[in-house]
Amino acid sequence: MLLENKVAVVYGAAGAIGNTVARTFAREGAQVHLAGRTRTTLQVIADQITEAGGCATVGVVDALDAESVRRHAAGVMAASGRIDVSINTVGFDHQQGVPLRELSLADYLYPITGYTSTQFLTATAAARYMADAGGGVILTISTTAAQVTLPVDGFGPACIAVEAFTKQLANEVGPYGVRVVCLRADGIAESVAAGSYVGALFRRMALRFGVSVDEMLADPGAPGRMLPRGTTLADVAEAATFLASDRAGGITAAVTTIAGGSVLG
């Protein structure tokens, strides 16, 4: 198993990506600490992981609050003795598809502030413990919005900032044996059926573009996509699992694109 005996923290574990990542980490042998805002939802996932033979615990965390993140990380250390892997899959609704000339400054800054803040808080919290321990892996999440010129408003700059932060932190903690890698995912149609916030976001964008959500996320016909299908939740989770494992020991300060070839990098 790729993550046997590893201690992993998954922030946003109740979301579509976080849920899938947590289950995949547990399948590969990790002791998974599920972090999110709603205990009941997290507990259902933890129980299912346990029933499948994995190991999972639940922690209520506001990943946009520094003290909440600090307390949770300290609790994981007290319970498990270390943090080997940390991944932040937190997402939240925001404006996309609105022309910049029609967008308010507050709506433009909202995803930039939110996504950069949560990634900073969780990554640096883990980095402190990992640097002291002499190793660990921190995974951040970006999207192809960092590379395309579609009207994604403040979300594109947010993704660019997360990728830059990933490389900056990797340079800082690399001498301590800590790796930092960003996963750049594409739009995932499955997330809508999974009840993710992106369902409402995609519907608003599709309405503005005059197409259906299915047409907007059409797998085979997406412009520039090399593979005959779209990115899946499993694609992201499996990539995250490999990058968190010792088999990816030489990879850091990198952005791994999981987009079927629609964006290279």
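A residue counts as buried when its relative accessible area is under 20%, as exposed when over 50%, and as partly exposed in between. The exercises below apply to a predicted model.

**Exercise 1. Which elements does the salt bridge between R27 and E238 tie together, and which network includes the two residues?**

Step 1. The test is a side-chain nitrogen of Lys or Arg within 4 Å of a carboxyl oxygen of Asp or Glu. Between R27 and E238 the N to O distance is 3.0 Å, and the two side chains form a salt bridge.

Step 2. R27 belongs to helix α1 (residues 16-27) and E238 to helix α9 (residues 233-244), so the pair joins parts that are 211 residues apart in sequence.

Step 3. Accessibility is 45% for R27, which is partly exposed. E238, at 36%, is also partly exposed.

Step 4. A network of salt bridges links R27, E28 and E238.

**Exercise 2. How many residues apart are R71 and E67 in helix α3?**

Step 1. R71 and E67 form a salt bridge, with 3.7 Å between the closest N and O atoms.

Step 2. Both residues lie in helix α3 (residues 66-80). They are 4 residues apart, a separation of about one helical turn.

Step 3. R71 has a relative accessible area of 48% and is partly exposed. E67 is partly exposed at 34%.

**Exercise 3. What is the N to O distance in the salt bridge of R229 and D235, and how many salt bridges does a search of the whole structure find?**

Step 1. The side chains of R229 and D235 meet at 2.7 Å, N to O.

Step 2. R229 is partly exposed, with 36% relative accessibility. For D235 the relative accessible area is 23%, which again makes the residue partly exposed.

Step 3. Searching the whole structure gives 8 salt bridges. Among them are the pairs R27 with E238, R71 with E67, and R229 with D235.

Key: Residues numbered from 1 in each chain as written. Predicted model: local features only at pLDDT ≥ 70, side-chain atom pairs only at ≥ 80, totals over all residues. Heavy atoms only, no water. Buried < 20%, exposed > 50% of the residue type's maximum accessible area, 1.4 Å probe, protein only.
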